[in-house]
Amino acid sequence: MAITRVWIKEGCISCGSSEGNCPEVFKVKDEGATVIEGVDYSGLEEKIKEAAKKCPVDVIKYDEDDDVLAEMFAYDDGASNEAT
């Protein structure tokens, strides 16, 4: 699954773990870590997940695009359900 969005909730303690695990996406500042804007998450999914897993205060969050579920619930608008 592709990661479509990454954010950091309030409560970051600026420990450096996020940037240490994935410097392509995270930048630590005095007031907490931030997500670098405009980053293409392709190929960085595992590093982002690892950064979130290792966050000591559990504030790194991400959304994934679940194409499989979308396909499971898709239907054909052109199909006819009329009885003959």
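**Reading burial, bonds and salt bridges**

Guide: In this predicted model, D58 is found in the loop between α2 and β4 (60-65).

Visitor: Why is D58 called partly exposed?

Guide: Its relative accessibility is 45%. Partly exposed covers values between the 20% limit for buried and the 50% limit for exposed, so D58, at 45%, is partly exposed.

Visitor: What is noted about the phi angle of D58?

Guide: The phi of D58 is positive, about 55 degrees, although D58 is not a glycine. S14 likewise has a positive phi of about 55 degrees and is not a glycine. S14 is found in the loop between β1 (2-8) and α1 (17-21).

Visitor: What makes S14 partly exposed?

Guide: S14 has a relative accessible area of 24%. Because buried requires a value under 20% and exposed a value over 50%, S14 is partly exposed.

Visitor: What makes the pair of D58 and K61 a salt bridge?

Guide: The closest N and O atoms of D58 and K61 are 3.5 Å apart. A salt bridge requires a side-chain nitrogen of Lys or Arg within 4 Å of a carboxyl oxygen of Asp or Glu, so the pair D58 and K61 qualifies. K61 is partly exposed, at 21%.

Visitor: How many salt bridges does the whole structure hold?

Guide: A search of the whole structure finds six salt bridges. Among them is the pair of D63 and R5, with N to O at 3.1 Å. D63 lies in strand β4 and R5 in strand β1, so this pair ties together parts 58 residues apart in sequence. D63 has a relative accessible area of 30% and R5 one of 42%, so each is partly exposed.

Visitor: What makes the pair of K49 and E64 a salt bridge?

Guide: The closest N and O atoms of K49 and E64 are 3.0 Å apart, and the limit is 4 Å; therefore the pair counts as a salt bridge. K49 lies in helix α2 and E64 in strand β4, so the pair ties together parts that are 15 residues apart in sequence. Both are partly exposed, K49 at 24% and E64 at 29%.

Visitor: Where does E45 lie, and which residues does E45 touch?

Guide: E45 lies in helix α2 (residues 45-54). Not counting residues up to four places away in sequence, E45 touches M1, A2 and I3. The side chain of E45 also reaches the backbone nitrogen of G43 at 3.0 Å.

Visitor: How do you know that the count of disulfides comes to zero?

Guide: A disulfide is a covalent bond between the sulfur atoms of two cysteines, and the cut-off applied here is 2.5 Å. The closest cysteine sulfur to that of C12 is in C15, 6.5 Å away, which is too far for a bond. C55 is in no disulfide either, its nearest cysteine sulfur being that of C15, 6.1 Å away. By this rule the count is zero.

Visitor: Why does S17 count as buried, whereas N21 counts as partly exposed?

Guide: S17 has a relative accessible area of 18%, so S17 is buried, since the class takes values under 20%. N21, at 21%, is therefore partly exposed. S17 is in helix α1, and N21 is found in helix α1 as well.

Visitor: What makes the approach of N21 to S17 a polar contact?

Guide: A polar atom of the N21 side chain lies 2.8 Å from the backbone oxygen of S17; the distance limit is 3.5 Å, so the pair falls within the limit.

Technical notes
Residues are numbered from 1 along each chain as its sequence is written. This is a predicted model: local features need pLDDT of at least 70, side-chain atom pairs count only at pLDDT 80 or more; totals for chains, interfaces and linings use all residues. Side-chain values use heavy atoms; hydrogens and water are left out. Helices (H or I, at least four residues) and strands (E, at least two) are DSSP runs, numbered from the N terminus. A polar contact is a pair of N or O atoms within 3.5 Å; within protein, one must be able to donate a hydrogen and the other to accept it, and residues adjacent in sequence count only if both atoms are side-chain atoms. Contact means heavy atoms within 4.5 Å. Buried means under 20% relative accessible area, exposed over 50%, partly exposed in between (1.4 Å probe, protein chains only).
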